[in-house]
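Hi everyone, thanks for coming.

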Amino acid sequence: MIVVAGEALIDLVPQDAGALAPLRPALGGGPYNTAVALGRLGSPTAFCSRLSSDSFGEALLDGLRAAGVDVSAVQRGPEPTTLAVATIDDHGSAAYSFYVDGSADRLFTAPERLPPGTRAVSFGTCSLVLEPGASAYEELMRRAAAQGVFTALDPNIRAGLIPDPDAYRARFKSWLPSVSLLKLSAEDAQWLGGTPQEWLTSGPTAVVITHGSDGMTVFTRDGAQHSVPGVPVEVVDTIGAGDTVNAALLHGLAAHYALSPEAAAALDPDDWRELLRFAARAAAITCSQAGAEPPYASELTAS
């Protein structure tokens, strides 16, 4: 079982150009997209979050169930669902404005235990920024790591939600001893400061940095680095691409029986390149479709 912990929200995606373009609601949130992508790839997956009991919350829950994701660890509340208004540039890249005050997912509380059979837990995005939920997710991360569970982190920086960047950067560094796999975009790496080599000395077994259409690179604790190019595709938008990479990496590590820091450290260069190529193909399929629509396993088999 791979558990994904973090927010689920509604993306409001413009359907035309201009500030007043019609907006289409779409299921979203970095952790939510990661859970759906894992479910579609066929990995046993559970989602750990707090969802509103409003109609958007019901739709989010239905989306998880449709992907085969276990929702028994999802908490519910009467507060509204978080909204993220997307802006898509000419290259398909998305930027967001968030409506988060008083929303349900901010009131998440850390569960006493993880679902039975949990091998890995994935964290990231807004859920590690917005209090009081952020401290609860942080508690869950540290506890899982202390129990020997493989932990994955994608900071997925949303700078507009971070009032004190220096405080967040310090907090990020404090998480690293509890992180097995750190994945982030080149833009996020630049915003955070530091280098993969510095982060690796603090705890992670591997650091994966994505470079958009230019592919991605993994840095490992033995000082090696391995890169693969991006997969050419006609980009509709990039919503959910990074979340798909998260899921593909975790799914691939599970297939290699490498969901432990020791097993991941034992992967050879060919194993890592295979994992990265798989993740790049999965992300390309997501980019070829509007909104966060990660691929099913059958689409990757056919590609």
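I'll talk about the pockets, then a pair of helices, then a salt bridge.

Some ground rules. This is a predicted model, where local features need pLDDT of at least 70, side-chain atom pairs count only at pLDDT 80 or more, and totals for chains, interfaces and linings use all residues. Residues are numbered from 1 along each chain as its sequence is written, and side-chain values use heavy atoms, with hydrogens and water left out.

Rolling a probe the size of a water molecule over the atoms shows where empty space is left. Here a pocket is an open set of points on a 1 Å grid over the protein atoms alone, where a 1.4 Å probe fits, with protein on both sides within 12 Å along at least five of seven lines. The largest pocket has a volume of about 1200 Å³, that is, the space filled by probe spheres set on the points. Its lining (residues with an atom within 4 Å of a point) has 48 residues, and Ser185, Glu187, Thr238, Ala241 and Gly242 lie nearest the centre.

Which strand gives the most to that lining? It's S8, with 5 residues. Strands here are DSSP runs of E, at least two residues, and helices are runs of H or I, at least four, numbered from the N terminus. Helices H7 (241-255) and H9 (269-287) are among the elements that give two or more residues to this lining.

The second largest pocket comes in at about 250 Å³. It is lined by 16 residues, with Pro14, Asp16, Ala86, Thr87 and Ile88 nearest its centre. S7 gives the most here, with 3 residues.

Back to H7 and H9. Their axes, lines fitted to C-alpha atoms over the stretch in contact, come within 8 Å. They cross at roughly 145°, on a scale from 0 to 180 degrees between N-to-C directions. Contact means heavy atoms within 4.5 Å, and the residues making it include Ala241 and Leu249 of H7 and Trp272 and Phe278 of H9.

Last stop: salt bridges, meaning a side-chain nitrogen of Lys or Arg within 4 Å of a carboxyl oxygen of Asp or Glu. The whole structure has 13. In one of them, Arg76 meets Glu58 at 2.8 Å, N to O. That pair links distant parts of the chain, with Arg76 in strand S6 and Glu58 in helix H2, 18 residues apart.
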